[in-house]
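Biologist: Could you walk me through this one?
Modeller: Gladly, have a look at it here.

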Amino acid sequence: MASAVFHPAIGTLLSHHLHNSEFHREFGNVSVKSISKGLKFDVGLSTSRMEGYSSNKRNFSAVQASASQTSLVDPVSTPSNDSTNEFQKKSSEAALILVRHGESLWNEKNLFTGCVDVPLTKKGVEEAIEAGKRISNIPVDMIFTSSLIRAQMTAMLAMTQHRRRKVPIIMHNESEQARAWSQIFSEDTMRQSIPVITAWQLNERMYGELQGLNKQETADRFGKEKVHEWRRSYDIPPPNGESLEMCAKRAVAYFKDQIEPQLCSGKHVMIAAHGNSLRSIIMYLDKLTSQEVISLELSTGIPMLYIFKEGRFTRRGSPAGPTEAGVYAYTRRLAQYRQKLDEMLH
């Protein structure tokens, strides 16, 4: 049997003069509007979709981030009044942090969760806090989460560890009343806040009739072969559910339309979401094939850092933390190992 080799993705963070933007009337130049298909952001720069992104050539080995690679650090010990525009003249880099939510109560029970709104376990809370420690020096201007509580808890708990001590605030745009009642009237308070945008498009893959079932119940009801096909295929959905392809369609479209323009304008973004919605986004960022993405595994509560610069996304692995752990480990040998393992389970 082929063996899998994992290497820790370690990023040693270096100081780089980077300053969080100040929020103006509505958290700076980010204006959030409610539209029929989600949220729209008005930014000062062009938000044209950059379809021609050319990510680094794929390397079928576990990814490691070296000290020379990761340069985005929020210099909290060196206060500055530089504006976002002044910073953008010096550097066009923006940070993109991806983090899968911590362990949920149904993860613990080994149940198909999908879009059922289940909170974190104690372990999941600890994982979210640990994720926050790993990104505590990386600037965050905006946070995107799914509409599910486990992703929102992860984002909020992670930000309690950030050295800037800014407060994440969920933007309520579901109605005029919600916007009016959640309005902030202090400019100083807004400058110390980070907008959190929730979007159902970032939700976990909807597992349909599998939701709430454990593996044995699922096998008994549908058969092992059929369950294996649903779990390990890209384009075959479970009954009344989504395939990974369907999940990717909505998650990637939202990323392109709503999140990518923020990165283009110099905003540093964190996304707290789910295994399948994040795999879908990584598939887009790293130009993975459908066969490669189904072999991709993401650890709960472990952040992954990308650098966006000059129209390119560069993966930097996991920021250094008290303990090191691999985040993104895809190798040909790992794929072979996973295939062998799946065959043994039949």
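Modeller: To begin with one side chain, Lys226 is partly exposed at 37% relative accessibility, where buried means under 20% relative accessible area, exposed over 50% and partly exposed in between, with a 1.4 Å probe and protein chains only.

Biologist: Before I read much into that, where do these values come from?
Modeller: This is a predicted model, in which local features need pLDDT of at least 70 and side-chain atom pairs count only at pLDDT 80 or more, while totals for chains, interfaces and linings use all residues. Residues are numbered from 1 along each chain as its sequence is written, and side-chain values use heavy atoms, with hydrogens and water left out.

Biologist: OK, which residue forms a salt bridge with Lys226?
Modeller: That is Glu229, with the closest N and O atoms 3.0 Å apart; a salt bridge here is a side-chain nitrogen of Lys or Arg within 4 Å of a carboxyl oxygen of Asp or Glu. Both residues lie in helix α8 (residues 224–232), three residues apart, which is about one turn of the helix, and Glu229 is partly exposed at 30%. Helices (H or I, at least four residues) and strands (E, at least two) are DSSP runs, numbered from the N terminus.

Biologist: How many salt bridges does the structure hold?
Modeller: Eight, including one between Glu176 and Arg179, whose closest N and O atoms are 2.6 Å apart. Those two are three residues apart in helix α5 (residues 176–181), so about one helical turn separates them.

Biologist: And is Glu176 buried or exposed?
Modeller: Glu176 counts as exposed, at 60% relative accessibility, whereas Arg179 is partly exposed at 25%.

Biologist: Switching to strands, how many residues of β4 are buried?
Modeller: Seven of the seven residues in β4 (residues 94–100) are buried. In a regular strand the side chains alternate between the two faces of the sheet. In β4, Ala94, Leu96, Leu98 and Arg100 lie on one side and Ala95, Ile97 and Val99 on the other, and both faces are covered.

Biologist: Which strands does β4 pair with?
Modeller: β4 pairs with strand β9 (residues 304–309) in the antiparallel sense over five bridges, and five bridges also join β4 to strand β8 (residues 269–273), with those two running parallel. Pairing requires that DSSP finds at least two bridges between the strands.

Biologist: What is the bridge partner of Ile97 in β9?
Modeller: Leu305 is the partner of Ile97 there, while in β8 the residue opposite Arg100 is Ala273.
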